[in-house]
Amino acid sequence: MSGLDETLAPELAELAARHRYRLRRIAEDPAGAEVTLAGRRLVNFCSNDYLGLANHPEVVAALRDGAERWGAGSGAAHLVTGHSIPHHALEEELADFTGRPRALLFSTGYMANLAVAGALTGRGDALFEDRLNHASLIDAARLSGARVLRFRHGEAAALAERLAVAEAARKLVLTDGVFSMDGDIAPLTDLAEVCKGHQAWLGVDDAHGFGVVGPEGRGSTVAAGLGIDDIPILVGTLGKAFGTFGAFVAGSEALIETLIQKARTYIFTTALPPAVAEATRAALRRVRADEWRRDHLRALVARFRHGAQAIGISLGESETPIQPLVVGADEIAVCLSEALLERGLLVSAIRPPTVPEGTARLRVTLSAAHSGAQVDRLLDALAEIWPREEA
């Protein structure tokens, strides 16, 4: 055993002993409401494919046709020769979808958030974060060089206290729109008001809101009635409700041009394949047109919440497809996940550091591809295995 392995092996063993060792599962068929793992067909309650578009025939056909026309890859970064007609068309359509002058494509949401923080702030600036922000926002803040200050989850008053004593040249506030592990929606109206009162810029990563929340699935900012003057920086991902891959930032002409000129994660990476852009354009058409998908999804969320509460499961405030069942201990979350797996149901056990210590949970995610019968099957299984409080 090498010196490296001698150091790493005990650390891995410790993770396993603490029920925090993560395993990759190999899916044997396309994304959907059901998935085959190790030859077993399971109902999948782990996916972020909220609208069931990842394997939609129109989206798949657009990807195939795009590959035949544009090849398998872009061949270069956007600023060299990698920015093609499909990329540009998608950016224009995303700008229209978000109601903003411009949109800029990125290969991942992680890269988009790194771009925003790194291009807009640096030494001498201050970056404010909700304590439950996604890891990409947290890492983006740390790498920006700005002073990072975190405020209590979902509390605009706590942000105001932080901003009131900040003397930074620039003040940037970043928050999720829909929080990925809790499913609740940020108090965007209050946050926007606080930011305006303290000359701070507000950026929202609406990765889990786009496609699901608001009219035409245009996201949590539109649902709150807020526009570019309230929230100048908007980030979205394409690998969740859109069912494809990539991400974007939407905003003003000046914001997008600044990112093009200064964002290292835009300048120094290969553009995503044009075929993926074509697939996303097809997905965007379905997102905008298929209101029935959101109607069905909302009905499933209500069905699950009503059934879970009847069982005696305590739920948070989420009305989104993300429904966390918090149990506290890592071992309990793992055991419950395994018990559901035995019953043909795939539900992830989420443990620290993804969530705070003592808040391990089952993260149930619902999709428009699910049926009411599948949700009922999950509820029946939870009724069998859920820990009961002793009298």
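This is a predicted model: local features need pLDDT of at least 70, side-chain atom pairs count only at pLDDT 80 or more; totals for chains, interfaces and linings use all residues.
Let's start with F242. Its relative accessible area is 0%, so F242 is buried.

Now, what sits with F242? First, the count. There are four aromatic pairs in the structure. One of them joins F97 and F242. Their ring centres are 6.0 Å apart and the planes meet at 85°, so this pair is edge-to-face. The cut-off for that label is over 60 degrees. And where are the partners? F97 belongs to helix α4, while F242 sits in the loop between β8 and β9, so the contact ties together parts 145 residues apart in sequence. F97 has 0% relative accessibility, so F97 counts as buried too.

Next pair: F210 and F248. These rings are tilted, with 50° between the planes and 5.4 Å from centre to centre. This pair also links distant parts of the chain. F210 is in the loop between β7 (201–205) and α9 (220–223), F248 is in strand β9, and the two are 38 residues apart. F210 and F248 are both buried.

F97, F210, F242 and F248 make up one aromatic cluster.

How far apart are the end C-alpha atoms of α4, and does the number agree with its 14 residues or disagree? Helix α4 covers residues 85–98. At 1.5 Å a residue, the helix should span 20 Å, and the end C-alpha atoms are 20 Å apart, so the two agree. The expected value uses one less than the number of residues.

Which residues of α4 are buried? The list is P86, H87, A89, L90, E91, L94, A95, F97 and T98. Note that H87 and E91 are on it. And what covers them? The cover includes helices α2 (57–70), α3 (78–82) and α12 (274–289). It also includes strands β3 (102–106), β8 (233–237) and β9 (247–251). Just after the helix comes G99, with a positive phi of about 70°.

The structure holds 24 salt bridges. I'll pick a few.

First, R20 and D330. Their side chains meet at 2.4 Å, N to O. R20 is in the loop between α1 and β1, and D330 is in helix α14 (residues 330–342), so this bridge ties together parts 310 residues apart in sequence. Both R20 and D330 are buried.

Second, E216 and R288. Here the closest N and O atoms are 3.1 Å apart. E216 lies in the loop between β7 and α9, R288 lies in helix α12, and 72 residues separate them. Are these two buried or partly exposed? E216 has 30% relative accessibility, so it counts as partly exposed. R288 is partly exposed as well, at 26%.

Third, a local one. R281 and E278 form a salt bridge, with the closest N and O atoms 2.9 Å apart. Why do these two line up? They are three residues apart in helix α12, which means about one helical turn between them. The general rule: an α-helix has 3.6 residues a turn, so residues three or four places apart point the same way.

E58, R286, D290 and R293 are linked by salt bridges.

The background is simple. Most residues other than glycine have a negative phi, and most peptide bonds are trans. Back to E216: its phi is near 60°, a positive value in a residue other than glycine. H19 is another such residue, with phi near 65°. H19 is in the loop between α1 and β1. At 28% relative accessibility, H19 is partly exposed. Then the peptide bond between P352 and P353: it is cis, with omega at about 10°. P353 lies in the loop between β12 (348–350) and β13 (360–365).

Last stop, the surface. L12, L15, Y21 and L23 make a nonpolar patch of about 400 Å². Y21 is in the loop between α1 (3–17) and β1 (34–37). Y21 has 40% relative accessibility, so it counts as partly exposed.

To recap: one aromatic cluster of F97, F210, F242 and F248, and a salt bridge from R20 to D330.

Terms used
Residues are numbered from 1 along each chain as its sequence is written. Side-chain values use heavy atoms; hydrogens and water are left out. Helices (H or I, at least four residues) and strands (E, at least two) are DSSP runs, numbered from the N terminus. Buried means under 20% relative accessible area, exposed over 50%, partly exposed in between (1.4 Å probe, protein chains only). Contact means heavy atoms within 4.5 Å. Patches are made of residues with over 30% relative accessible area and no salt bridge: like charges are joined within 9 Å, nonpolar side chains (Val, Leu, Ile, Met, Phe, Trp, Tyr) within 5 Å. Accessible areas come from the Shrake-Rupley method with a 1.4 Å probe; for residues, only the protein chains shown count as cover. A salt bridge is a side-chain nitrogen of Lys or Arg within 4 Å of a carboxyl oxygen of Asp or Glu. Rings of Phe, Tyr and Trp (its six-membered ring) pair if their centres lie within 6.5 Å; planes under 30 degrees apart count as stacked, over 60 as edge-to-face and the rest as tilted.
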